[in-house]
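Here is a walk through one structure, written for someone who would rather look at side chains than at tables. Keep the viewer open as you read.

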Amino acid sequence: QVQLVESGGGLVQAGGSLRLSCAASGSTFSIYNMGWFRQAPGKQRELVAAISRSGTTKDADSVKGRFIISRDNIKNTVYLQMNSLKPEDTAVYYCAADPTRLWSFAYKYWGQGTQVTVSS
């Protein structure tokens, strides 16, 4: 079992940047695929970006070219660098881990989420 703790959320103006971090503990981090999800009020949860155990990445069209997912298997941390932020990026952002799934909503382990608010 793995525990996940997100950090780095906050309030930023449109066009700005934030970097989210998700620290993992309790299990071998390198065996998990990792994903970043977000959920805005009244909307369905969206898979934003994912990175496999081997480092292969995939992004949603809504963030392509603006968000970058990366991982550090020494620090047991996955990151989401968010650039050129827009008000529609406002949401609670969650990281998740799964031993087999990559581009899926059925991740096994979830963090508690961190709020990102982008003002216009």
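## Ground rules

Buried means under 20% relative accessible area, exposed means over 50%, and partly exposed is in between (1.4 Å probe, protein chains only). This is a predicted model, where local features need pLDDT of at least 70, side-chain atom pairs count only at pLDDT 80 or more, and totals for chains, interfaces and linings use all residues. Residues are numbered from 1 along each chain as its sequence is written, and side-chain values use heavy atoms, with hydrogens and water left out.

## Aromatic pairs

Let's start with the rings. A pair of aromatic rings is described by the distance of the centres and the angle of the planes. Here, rings of Phe, Tyr and Trp (its six-membered ring) pair if their centres lie within 6.5 Å; planes under 30 degrees apart count as stacked, over 60 as edge-to-face and the rest as tilted. The structure holds four such aromatic pairs. One of them is edge-to-face: Tyr32 with Tyr109, at 5.9 Å centre to centre and 85 degrees between the planes. Tyr32 sits in the loop between strand 3 (18–25) and strand 4 (33–39) and Tyr109 in strand 10 (residues 109–110), so this pair ties together parts that are 77 residues apart in sequence. Both Tyr32 and Tyr109 are buried. As for the strand numbers, helices (H or I, at least four residues) and strands (E, at least two) are DSSP runs, numbered from the N terminus.

Phe37 and Trp110 make a tilted pair, with 4.6 Å centre to centre and 50 degrees between the planes. Because Phe37 is in strand 4 and Trp110 in strand 10, the pair ties together parts that are 73 residues apart in sequence. Phe37 is buried, at a relative accessible area of 0%, while Trp110 is partly exposed at 29%. Ring pairs also link Phe37, Phe105, Tyr107 and Trp110 into a cluster.

## Charges over rings

Next, look for a charge over a ring, meaning NZ of Lys or CZ of Arg within 6 Å of the ring centre and within 35 degrees of the ring normal. Arg45 lies over the face of Tyr94, 4.2 Å from the ring centre. Lys58 does likewise with Trp103, at 5.1 Å from the ring centre.

## A salt-bridge network

Side chains of opposite charge can pair when their charged atoms come close. A salt bridge is counted when a side-chain nitrogen of Lys or Arg is within 4 Å of a carboxyl oxygen of Asp or Glu. The whole structure has four salt bridges. Which residues are linked in a network of them? Arg38, Glu46, Arg66 and Asp89 are.

Glu46 bridges to Arg38, with the closest N and O atoms 2.8 Å apart. Glu46 is partly exposed, with a relative accessible area of 25%, whereas Arg38 counts as buried at 7%. Arg38 also meets Asp89 in a salt bridge (2.8 Å, N to O). That pair links distant parts of the chain, with Arg38 in strand 4 and Asp89 in the loop between strand 8 and strand 9, 51 residues apart. Asp89 forms a salt bridge with Arg66 too (2.7 Å, N to O). Arg66 lies in the loop between strand 6 (57–59) and strand 7, so its pairing with Asp89 ties together parts that are 23 residues apart in sequence. Arg66 is buried at 9% relative accessibility, and Asp89 at 1%.

## Strand 11 and its neighbours

Two strands pair if DSSP finds at least two bridges between them. Strand 2 (residues 10–13) runs parallel to strand 11, joined by four bridges, and strand 9 (residues 91–98) runs antiparallel to strand 11, joined by three.

## Loop details

Two loop residues have a positive phi without being glycine. Asn76, with phi of about 55 degrees, lies in the loop between strand 7 (67–72) and strand 8 (77–82). Ser84, with phi near 50 degrees, is in the loop between strand 8 and strand 9. Asn76 is partly exposed at 26% relative accessibility, and Ser84 is partly exposed at 41%.

Ser104, in the loop between strand 9 and strand 10, is buried at 19% relative accessibility. Ser104 touches Phe37 and Leu47 (heavy atoms within 4.5 Å), not counting residues up to four places away in sequence.
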